[in-house]
Amino acid sequence: MTDSPIMTTTAGAPIADNQNSWSAGPRGPLLLQDWQLIEKLAHQNRERIPERVVHAKGWGAFGTFTVTNDISKYTRAKIFAEVGKQTDLVVRFSTVAGEQGAADAERDVRGFSVKFYTEEGNWDVVGNNTPVFFIRDPLKFPDFIHTQKRHPRTNLRSPTAMWDFWSLSPESLHQVTILFSDRGLPVGVRHVNGYGSHTFAFINDAGERFWFKIHFKTKQGHKHWTNAEAAEVVGRTRESTQEDLFYAIENGDFPKWDVFVQIMPELDAEKTSYNPFDLTKVWPHAEYPLIPVGVMELNRNPDNYFAEIEQAAFSPSNIVPGIGFSPDKMLQARIFSYADAHRYRIGTHYEALPVNQPKVPVHHYHKDGSMRFFPNNPNPNAYYEPNSFSGPRQAPEYREPPLKISGDADRYDHRAGNDDYSQPGALFRLMTDEQRERLMDNIAAAMQGVPVEIIERQVVHFAKCDPRYGEGVAQRMGVTVPAMPVAAE
Ligand code: NDP
């Protein structure tokens with residue numbers, strides 16, 4: 001006991017008694033001057049920050065990225081500079097719809113966010129375990145998420161809202177097919193692939209731009225539960241993913257992912273039959289093969305979950321020299337909304353927190369606000385820019401080359417010319433018979449109670465992917481595939 005430090009207030013004053021509050025007599029009442037009691041209760045009142053609107057339930061760990069293959073001809077990003085190079089990182093996995101206390105073993109997309117602490121700043125890949133997403137235009141995002149969350153009156157999740165929205169938004173078919181496939185209910189996040197999902201840009205030393213997609217393929221193998229198995233798991237534990245990830249790392253069984261990129265020369269974007277910036281589409285491997293880049297390993301659990309994982313703030317706006325954005329509309333909106341969410345839920349200077357802090361010096365002129373605990377620029381007179389006091393300066397050598405592809409600003413119909421059916425159909429056809437049966441069983445289970453006109457509208461979409469898909473779901477739901485195309489298309 002004598003080695004224990006003396007307990008203090010947050011202002012550092014010793015605490016003499018942490019068992020008894022300060023009162024006028026043995027039976028009370030309490031005194032307002034008991035600042036230690038007040039400080040303790042006030043802190044407890046502030047122990048929560050707003051949970052994320054999406055991806056509230058998460059699990060995370062620290063690790064390393066190691067380069068195994070030279071891709072420096074595509075990018076000057078220093079993280080990829082040489083084979084063998086290692087970069088520290090933090091990963092946060094999550095479910096999307098469930099609140100912070102939700103059970104882990106639920107059918108849902110898994111968030112897969114990686115923050116690489118590179119020597120030229122933090123690069124965040126804020127992805128999912130799926131290569132595509134439900135929508136391609138961010139104007140639809142809040143509506144989509146409302147269908148995944150609780151109904152305003154019943155305060156319950158609403159299958160009707162989900163299938164109504166999906167059936168009126170056929171661009172969702174690809175992601176819906178993945179969600180209800182075996183991979184929609186993984187045993188844990190060690191057993192999922194990660195995908196950056198969006199198309200990003202690489203820029204090399206010669207100023208050439210290549211579009212790229214990034215994939216993290218699990219070395220643990222894919223493992224999933226059926227709905228029935230998951231129900232049994234949730235009955236036993238709501239924390240199955242946290243237990244699996246935490247104890248694997250604690251026991252030295254470090255999970256690993258092989259990291260690949262697909263590369264597309266800049267002007268190919270004008271030739272592909274699909275829009276390569278459409279988040280509901282993949283780039284077929286046969287056209288753009290996976291190029292190995294490295295290995296990601298998770299090898300350290302956080303010491304404090306709240307400080308290091310709940311406050312870990314990932315944003316697609318965090319890019320570094322040699323990596324850039326693409327015109328993908330969903331990416332463009334996320335560049336704004338993720339950093340904005342963190343400023344709201346954590347505080348203005350959230351990137352000064354240890355888990356978010358880059359491992360390189362930070363020099364900017366953003367001045368005051370919550371969490372302003374970092375020092376001034378070396379010369380305190382340099383608190384604006386431009387200045388004559390050797391303050392931090394811009395560096396034009398990092399300017400990106402101009403885009404070779406262009407477009408006018410307008411509200412283009414995001415559905416025009418887009419084929420929402422071929423790629424989910426290709427996925428359906430690469431499944432085994434058993435996988436297809438489970439896919440259609442899972443969809444039918446999720447459609448229970450949904451009005452018949454919505455079911456009929458949705459099975460038309462499935463049928464357009466593959467007639468067996470439409471008929472299989474229709475038969476399970478006791479409807480026939482309507483002959484006419486749906487009005488929403
Ligand atoms: P390939 O046959 O070359 O690759 C098929 C891909 O599908 C593999 O990456 C595989 O992942 C993945 N996969 C298998 N089962 C599922 C599932 N239930 N949910 C999600 N992904 C799954 O095919 P193509 O590149 O020609 O694409 C065909 C279809 O495969 C696409 O329409 C798309 O639906 C799906 N797909 C394609 C990806 C791509 O980047 N091209 C990425 C992921 C899926 P793994 O290797 O880990 O088993």
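What follows is a walk through the domains, pockets, cavities and backbone of this predicted model.

Residues are numbered from 1 along each chain as its sequence is written.

Start with the domains. The chain is divided into domain 1 (58–132 + 186–360) and domain 2 (421–477); the bounds come from an automatic or database domain assignment. Their C-alpha centres lie 29 Å apart. Across the boundary, 7 residues of domain 1 are in contact with 4 residues of domain 2, where contact means heavy atoms within 4.5 Å.

Next comes the empty space. Rolling a probe the size of a water molecule over the atoms shows where such space is left. Here a 1 Å grid is laid over the protein atoms alone; a pocket is an open set of points with protein on both sides within 12 Å along at least five of seven lines, a cavity is a set of points where a 1.4 Å probe fits but cannot get out, and lining residues have an atom within 4 Å of a point. Grid points are joined across faces, edges and corners, and a volume is the space filled by probe spheres set on the points.

The largest pocket has a volume of about 1,800 Å³. Its lining holds 47 residues, and P358, P361, V362, H363 and H364 lie nearest its centre. Helices (H or I, at least four residues) and strands (E, at least two) are DSSP runs, numbered from the N terminus.

The second largest pocket holds about 950 Å³. It has 38 lining residues, with V54, F141, S337, Y338 and A341 nearest its centre. Helix α8 gives the largest share of this lining, 11 residues. Elements that give two or more residues here include β2 (86–95), β3 (110–118) and α2.

The largest has a volume of about 60 Å³, and its lining includes N129, R183, H191 and Y195.

Helix α2 (residues 141–148) has F144, I145, T147 and Q148 as its buried residues. Buried means under 20% relative accessible area, exposed over 50%, and partly exposed in between (1.4 Å probe, protein chains only). Seen down the axis of α2, these residues fall within an arc of 155 degrees, so they line one face of the helix. The arc is that of the directions from the helix axis to the C-beta atoms. Their cover includes α3 (159–167).

Finally, the backbone. Most residues other than glycine have a negative phi, and most peptide bonds are trans. S197 has a phi near 65 degrees, a positive value. S197 lies in the loop between β5 (194–195) and β6 (200–203) and is buried, at 9% relative accessible area. S390 also has a positive phi, about 55 degrees, but S390 is exposed at 75% relative accessibility. S390 sits in the loop between α8 and α9. The loop between α8 and α9 (422–430) also holds P386, and the peptide bond from E385 to P386 is cis, with omega near 0 degrees. Another cis peptide bond joins G28 and P29, with omega about -5 degrees. P29 is found in the segment before α1 (35–45).

Terms used
This is a predicted model: local features need pLDDT of at least 70, side-chain atom pairs count only at pLDDT 80 or more; totals for chains, interfaces and linings use all residues. Side-chain values use heavy atoms; hydrogens and water are left out.
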